[in-house]
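Below are my comments on the model you sent.

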Amino acid sequence: ASEASAARIGGSGDARAGAASAPGGFAAASGDSIYRIVFQLDADLTLRLTGALGATGDGPGGALALLELSTVDPLEEPLLLRFERSAEDAADPLAIDAIVTLRGGVEYRLLVLARAFGDSLGGDGPAALRAEFGFELAEVPEPGSALLVALGLAALRRR
């Protein structure tokens, strides 16, 4: 699922994989959910990135959730933000809350990925793995704008 507006991009996804084999057999499964968004801003803008990454699994295989914000321009610092969670990490989702200022005229890439893969050889037990993500990249209001809104609300309450 995804949503986009002039000041906000958001989405969620998950990937699941399960495999079970009979004695002497082999089974494999994988799943992916990917957002790859390339964008450019007209002017400098401060954005807040929030969300969560989770990965769980039982059996052979793996699960990974990844969120990465980078520049496409080779003259800029390539990697701005990177968060990941694998099935080997803690069971709790990784919460994300970061503020970043992006420059106007520079091309950026937002990559969000959930990948799960599992296999079972010779009846060694089923694999059940899952990776998931949710994210929102939204404009941070200018301090002056936020102050004006707060003052306006306070004035309305007094009436």
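1. S33 contacts, beyond its neighbours up to four places away in sequence, G13, D14, A15, V112, L113, A114 and F133. The residue belongs to strand β3. Since the model is predicted, these contacts are computed from predicted coordinates. S33 has a relative accessible area of 16%; the cut-off for buried is under 20%, so S33 counts as buried.

2. Which strand pairs with β3 over 15 bridges? The partner is β8, and the pairing is antiparallel. Within this part of the model, V38 sits opposite R109, a residue of β8.

3. The pairing of β3 with β8 belongs to an open sheet of four strands, ordered β3-β8-β5-β6 and paired antiparallel. The edge positions are taken by β3 and β6, the latter spanning 79-86. Each of these two has a single partner strand, so one side of each has no neighbour in the sheet. On average, neighbouring strands of the sheet are turned by 10° against each other, with direction ignored.

4. G118 is another residue to look at, and it lies in strand β8. Its relative accessibility is 5%, so G118 is classed as buried. Apart from residues within four places in sequence, G118 has contacts with A17, A19, A27, A28, A29, P60, G61, A127 and L129. The C-alpha atom of G118 is also 5.9 Å from that of G18, although the two glycines are 100 residues apart along the chain.

5. The largest nonpolar core has 31 residues, and the members that touch the most others are F39, L67, L69, L102, L110 and F135. At least two core residues come from each of β2 (8-19), β3 (26-40), β4 (45-58), β5 (61-71), β7 (94-102), β8 (107-121) and β9 (127-139). Which strand gives the largest share of this core? That is β9, with six residues. As background, nonpolar side chains in soluble globular proteins tend to be buried together.

6. L102 deserves a separate entry, as one of the core members with the most contacts to other members. Not counting residues up to four places away in sequence, L102 touches F39, L41, A43, D44, L45, L47, L69, L80 and Y108. Two of these partners, F39 and L69, are named with L102 among the core residues that touch the most other members. The contacts of L102 also include D44 and Y108.

Terms used:
Residues numbered from 1 in each chain as written. Predicted model: local features only at pLDDT ≥ 70, side-chain atom pairs only at ≥ 80, totals over all residues. Heavy atoms only, no water. Core = buried A, V, L, I, M, F, W, Y, C linked by side-chain atoms within 4.5 Å. Buried < 20%, exposed > 50% of the residue type's maximum accessible area, 1.4 Å probe, protein only. Contact = heavy atoms within 4.5 Å. Pairing = 2+ DSSP bridges. Axes fitted to C-alpha atoms, helices over the stretch in contact; angles between N-to-C directions.
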